[in-house]
Amino acid sequence: MQLSELNQYLIQFLQSEKFSDYCPNGLQVEGRREVNKIVTGVTASLALLERAHAANADAILVHHGYFWRGESQPITGIKMRRLKFLLANELNLFAYHLPLDAHPEVGNNVMLGEVLGLKIAGWLDDKNMIAWSTLGQAQSLQKIADAISAKLNRQVQLVGDPNKSVQTVAWCTGAAQGYIEQAINADIDVFISGEISEQTVHLVRESNTAYIAAGHHATERYGIQALGAHLAEKLSIRHEFIDIDNPV
């Protein structure tokens, strides 16, 4: 299909114009005009670009792209090598950050809920970023942490009493540890996110809400895969997800 058609479909489907973000959403680097195969990945690292090129991709679609607010502007070093590789191989780069987090069908938070078997009961904010759920049966915090570790294939970090009885769960993928205060205010039993900060531990100790850090990369693998699968189905375009492992 034509690049312009793909670009327009993504803009409409993800409603990116509704978001004030930390980076430009959409087509960040323009390449060839005809797109037959898309590779999706979490972050547009050089390793992903190289793997995508080897897989004969025409376009790369990621959650973490380039040109973040406040970053150094000169195109040197790592930034130069990434952009040079894209341009030399005529690869298109699309990136969607907050629009992918919040999307009601293929969003990171919706998809993480599906992976963890959590049915969304509602949202703790007005932007559909902090989902919450009620468990059918109360479980210990340790049992929940163990189940998440198994489903995400990585050891999560648990803050709180492992024997705590958990009935309500809230979550937001990636670097969303700051949202724990909304979970605390809503009297949620445990909040799940990707990363943890120093102050997170103290907030847990001084509240009734526990915390599970399940990995920034690990919690944000599923939205971009779902988006790629959606494009493959709706636009009859080939799709491959490539996971460049990241322990964070």
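Here is a walk through the structure shown above, from its sheet to its pockets. Keep in mind that this is a predicted model, in which local features need pLDDT of at least 70 and side-chain atom pairs count only at pLDDT 80 or more, while totals for chains, interfaces and linings use all residues. Residues are numbered from 1 along each chain as its sequence is written, and side-chain values use heavy atoms, with hydrogens and water left out.

Let's start with the strands. Helices (H or I, at least four residues) and strands (E, at least two) are DSSP runs, numbered from the N terminus. Two strands pair if DSSP finds at least two bridges between them. With that in hand, you can trace an open sheet of six strands, in the order β5-β6-β8-β9-β10-β7, with mixed pairing. Its edge strands are β5 and β7 (157-159), and each of these pairs on one side only.

Now follow some of the pairs. β5 (residues 122-123) runs antiparallel to β6 (residues 131-140), with two bridges between them; for G122, the bridge partner in β6 is W132. β6 also pairs with β8 (residues 165-171), again in the antiparallel sense, this time over six bridges. Here S140 has S165 of β8 as its bridge partner. For the parallel sense, look at β9 (residues 190-193) and β10 (residues 210-213), which pair over four bridges.

Next, a pair of helices. To talk about what is covered, we need a scale: buried means under 20% relative accessible area, exposed over 50%, and partly exposed in between, using a 1.4 Å probe and protein chains only. Helix α5 (residues 108-116) is mostly covered, with seven of its nine residues buried. Among them are N108, N109, V110 and L116.

Over in helix α6 (residues 141-152) you'll find I144. Is I144 buried or exposed? It counts as buried because its relative accessible area is 9%. I144 and L116 are 28 residues apart in sequence, and their C-alpha atoms are 9.6 Å apart in space. Contact here means heavy atoms within 4.5 Å. Setting aside neighbours within four places in sequence, I144 is in contact with L135, Q139, V166 and I212.

That brings us to the cores. In soluble globular proteins, nonpolar side chains tend to be buried together. A nonpolar core is a set of buried Ala, Val, Leu, Ile, Met, Phe, Trp, Tyr and Cys residues joined through side-chain atoms within 4.5 Å. The largest one here has 40 residues, and those touching the most other members are L10, L61, I148, I212 and L227. Take L61: beyond its neighbours within four places in sequence, its contacts include L10, I38, F94, Y96 and L227. Apart from that core lies another, made of 18 residues, including L49, I60, A95 and I242.

The largest pocket has a volume of about 540 Å³. It is lined by 24 residues, and Y22, H97, L98, D101 and M129 are the closest to its centre. β3 (59-64) and α4 (98-102) each supply at least two residues of that lining. By type, the lining of the largest pocket holds nine nonpolar, ten polar and five charged residues.

The second largest pocket holds about 190 Å³ of space. Its lining has 13 residues, and the closest to the centre are V42, T43, H64, H217 and N246. Two or more lining residues come from each of β2 (37-43) and α9 (216-219). The largest share, three residues, is from β2.

Finally, two spots in loops. Q15 has a positive phi of about 50 degrees although it is not a glycine, and it sits in the loop between α1 (3-14) and β1 (26-29). Q15 counts as partly exposed because its relative accessible area is 28%. E90, in the loop between α3 (77-88) and β4 (92-95), has a positive phi as well, near 55 degrees.

Conventions. 1 Å grid on protein atoms, 1.4 Å probe; cavity = no way out; pocket = protein on both sides within 12 Å on 5 of 7 lines; lining within 4 Å. Points joined across faces, edges and corners; volume = space filled by probe spheres on them. Nonpolar A, V, L, I, M, F, W, Y, C, P; charged D, E, K, R; others polar.
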